[in-house]
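Please study the structure before reading each solution.

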Amino acid sequence: MSMNTENKNEAMVSIRGWNLYYGSFQALKNINLEAPKNEITSFIGPSGCGKSTLLRSINRMNDLVEGCRHEGEICLNGAEIHRDLNVTRLRKLVGMVFQKPNPFPMSIYDNIAYGPRILGMRAKLQLDEIVENSLRQAAIWEELKDRLKKSALGLSGGQQQRLCIARALAVKPQVLLMDEPTSALDPIATAKIEELAQQLKKDYTILIVTHNMQQAVRISDQTAFFLLGDLVESGPTQELFANPKQKKTEEYITGMFA
Ligand SMILES: Nc1ncnc2c1ncn2[C@@H]1O[C@H](COP(=O)(O)OP(=O)(O)O)[C@@H](O)[C@H]1O
Ligand SMILES: [Mg+2]
């Protein structure tokens, strides 16, 4: 629960009148949603309801999908992501972590240094510092500090996922998008990622897709419930689960579609 309830956090991500079509199929219908700064917002709902599509809209990953078009706007800290930012700038501001950990086939160090290098950073001392800080932020520095030159592919799934989080943080984004980041992990690795997300929200705004309602309850401040492309209901997590306003939300959280 927020300590200063009278001082509600301002929105980091604002989605207004967002419609998205894959060809003639409308995957998202007039979505209006705000994700407050330094909070965790979770997207829940049955498979195929548009959670990933909305998350991918926020860093314009659907741009490359043939036949995909959209209406409406998405603002990041007040800047409309199609009009006021170019994709390179947007991707620096918005990091993404996927369901299946996807480390690059290179050393742990080079995975983390990858983004900063693309942005033009060459100084070794500076890169060393970013690698260490990013791994520390992802709570994996102690485990990896003695094997930075080893391949990232040799890590466990849970370590790979924290490495991918560290890689996303290395370019100092403002927003972190996570699409079912724990669904390929065991319970212990899942708990570590959940704990990490709680720590990271002090510095970042996090939007997470989860098919696990308990996870949404455990870690998120805000929850948005989707059904067949509609945003049925959104609000503070405790309220949405304790006292859903919509019948469909109630049915879902009590397990009728589960
Ligand atoms: N690239 C695509 N081309 C066409 N349809 C897609 C594409 N990606 C997703 N869809 C469709 O859009 C709907 C929402 O998918 P998705 O956002 O992946 O849902 P969720 O993440 O909630 O499971 C589904 O009906 C899915 O089949
Ligand atoms: Mg999905």
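**Exercise 1.** Determine which residues come nearest to ligand 1.

*Solution.* Of the 13 residues around ligand 1, the nearest are Gly-48, Gly-50, Lys-51, Ser-52 and Thr-53; a residue is near if one of its heavy atoms lies within 4 Å. Next, consider polar contacts, which are pairs of N or O atoms within 3.5 Å. An oxygen atom of ligand 1 lies 2.9 Å from a polar side-chain atom of Lys-51. For Ser-52, the distance from a polar side-chain atom to a ligand oxygen is 2.8 Å. For Thr-53, a side-chain N or O atom is 2.5 Å from an oxygen atom of ligand 1.

The model is predicted: local features need pLDDT of at least 70, side-chain atom pairs count only at pLDDT 80 or more, and totals for chains, interfaces and linings use all residues. Residues are numbered from 1 along each chain as its sequence is written, chains are lettered from A and ligands numbered from 1 in the order in which they are written, and side-chain values use heavy atoms, without hydrogens and water.

**Exercise 2.** Describe how helix H4 packs against H6.

*Solution.* The axes of H4 (residues 124-137) and H6 are 8 Å apart, at an angle of about 130°. In the contact (heavy atoms within 4.5 Å), Ser-134, Leu-135 and Gln-137 of H4 meet Leu-163, Ala-166 and Leu-169 of H6.

Note on methods
Polar contact = N/O pair within 3.5 Å; in protein donor to acceptor, adjacent residues only side chain to side chain. Axes fitted to C-alpha atoms, helices over the stretch in contact; angles between N-to-C directions. Helix = DSSP H or I, 4+ residues; strand = E, 2+ residues; numbered from the N terminus.
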